[in-house]
Amino acid sequence: MTVRLYRLFAALCDLLIATTFFLLWGWMRSSGGVGWWLFGILLFVVLWMEVCWRLRGSPGKAMFNLGVNYRSRGTVYMRELLGKAATWCSLGIGLLLIFSAKQRALHDYIAETDVSRIPNVTGLADVLRIGFAAVLGGLVVLAYIGEKNSTPTTNASAPVKWNVGDSAKAVMTIHVYRGKDEYAQGSGFLIDSGGTAVSNVHVIGSGDRAEVELEDGRKFPVTGVRAYDMSQDVAIFKIGNATAGGAVTFPMVLLGNSDGLQILDKVVVISSPEGLSNTVTEGVLSAKRGGDQPALQVSAAISPGSSGGPVFDEAGRVVGVAQSQWDEGENLNFAIPVEVVSMLLKKPDMNVTTQKFFTNILHRDVNSDKDYDEDDSSDNTKAKKL
């Protein structure tokens, strides 16, 4: 390799050494103000000049067995400080002058110096090479560790706010009939685009047929029951999605996990109390109740007609199914944990017809005035299903 190429490599090494020093100095003195920053520059300049004088050239040049014919320390400052400042201010063009006949860079012309090959008598070049490699390797390792531990940019940005209106499109009002007359009304919500929905057994099972009404006013019949659990009061059913124009793609909500909810975490209920569709109430998780029928106690208002409505967490995921209200007391409302729904979804499709489902639930007497919840021995007598 020629001296010219060695000089280019040496310049790159010197630039990396200087950059590393100032990065470390800035990290150590990040809160020290301008005074410490200026002191660091002065310290680096003095040390660099002294090293160049002792080595008869910069550390980068010493690594490639190159030397400079300095006449005095003044020549060092002239070449390494003023001369190289002029070279870099020329955007590096001054360095390319080494490819001229005299092999002098701009700073060589300013200081009247020359660069030539020198023997590595003391082995100093080897020490500098090892040290340079160690520093460079350390920087690579630190950069890798920093990248692994850093928070991704997408996560560092502000979280997307939950659009309650979008979720409300998947919430339905359920009209339950006995014969020709509407007997009861409740709520439910869609969990897939094909028309699979969730509500309480005591809502859709209180009549002999049921119809749902979406936020936009469209109405669809309940056509079948995929799965239900009377003891947990959860039913997963299908609504008709065939129209003259073809199949309907329904809006849907996402199921979450109630296990991660903490006391005082915010919850939102969307339901149809007293038939007032898409009513939104807000509250917090008041308690988690255990036993044979685990329940989420929430302060969000639940009124007659709210049963079967979704209970959302702050991220807009369903964590429960609204079910009941305490008879005595205020703001004591209960929801079924969403895990009950998730477990039912994992079971094989029961493929129960609506006629068979309604007959099973109202096997006593379809004309009776008794509701499903009033005759359920597993229900707490103080909690009224709505």
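Okay, let's start in the interior: tyrosine 228 and phenylalanine 357 are both buried. Before I go on, keep in mind that this is a predicted model.

So what about those two rings? Their centres sit 5.0 Å apart and the planes make an angle of 75°, so we call the pair edge-to-face. Now look at where the two residues come from. Tyrosine 228 belongs to strand E7, residues 219–229, while phenylalanine 357 belongs to helix H11, residues 354–361, so the contact ties together parts that are 129 residues apart in sequence.

Next pair, tryptophan 326 with phenylalanine 334. Here the centres are 5.7 Å apart with the planes at 50°, so this pair is tilted. Are the two partners buried or exposed? Tryptophan 326 is partly exposed, at 23% relative accessible area. Phenylalanine 334 has 10% relative accessibility, and that counts as buried.

Arginine 209 lies over the face of tyrosine 177, 4.3 Å from the ring centre. Arginine 104 does likewise with tyrosine 109, at 5.7 Å from the ring centre.

Helix H4 runs over 73–89 and helix H2 over 33–55, and each of them supplies at least two residues of the patch. Then there's isoleucine 110, which sits in helix H5, residues 106–111. Its relative accessibility is 38%, so isoleucine 110 counts as partly exposed.

Last topic, backbone angles. Glutamate 112 has a phi near 55°, a positive value in a residue other than glycine. You'll find glutamate 112 in the loop between H5 and strand E2, which covers 115–117. Glutamate 112 is partly exposed, with 45% relative accessible area.

Asparagine 278 isn't a glycine either, and its phi is positive at about 55°. Where is asparagine 278 found? In the loop between strand E12, 266–271, and strand E13, 279–289.

Conventions:
Residues are numbered from 1 along each chain as its sequence is written. This is a predicted model: local features need pLDDT of at least 70, side-chain atom pairs count only at pLDDT 80 or more; totals for chains, interfaces and linings use all residues. Side-chain values use heavy atoms; hydrogens and water are left out. Rings of Phe, Tyr and Trp (its six-membered ring) pair if their centres lie within 6.5 Å; planes under 30 degrees apart count as stacked, over 60 as edge-to-face and the rest as tilted. Helices (H or I, at least four residues) and strands (E, at least two) are DSSP runs, numbered from the N terminus. Buried means under 20% relative accessible area, exposed over 50%, partly exposed in between (1.4 Å probe, protein chains only). A charge sits over a ring if NZ of Lys or CZ of Arg is within 6 Å of the ring centre and within 35 degrees of the ring normal.
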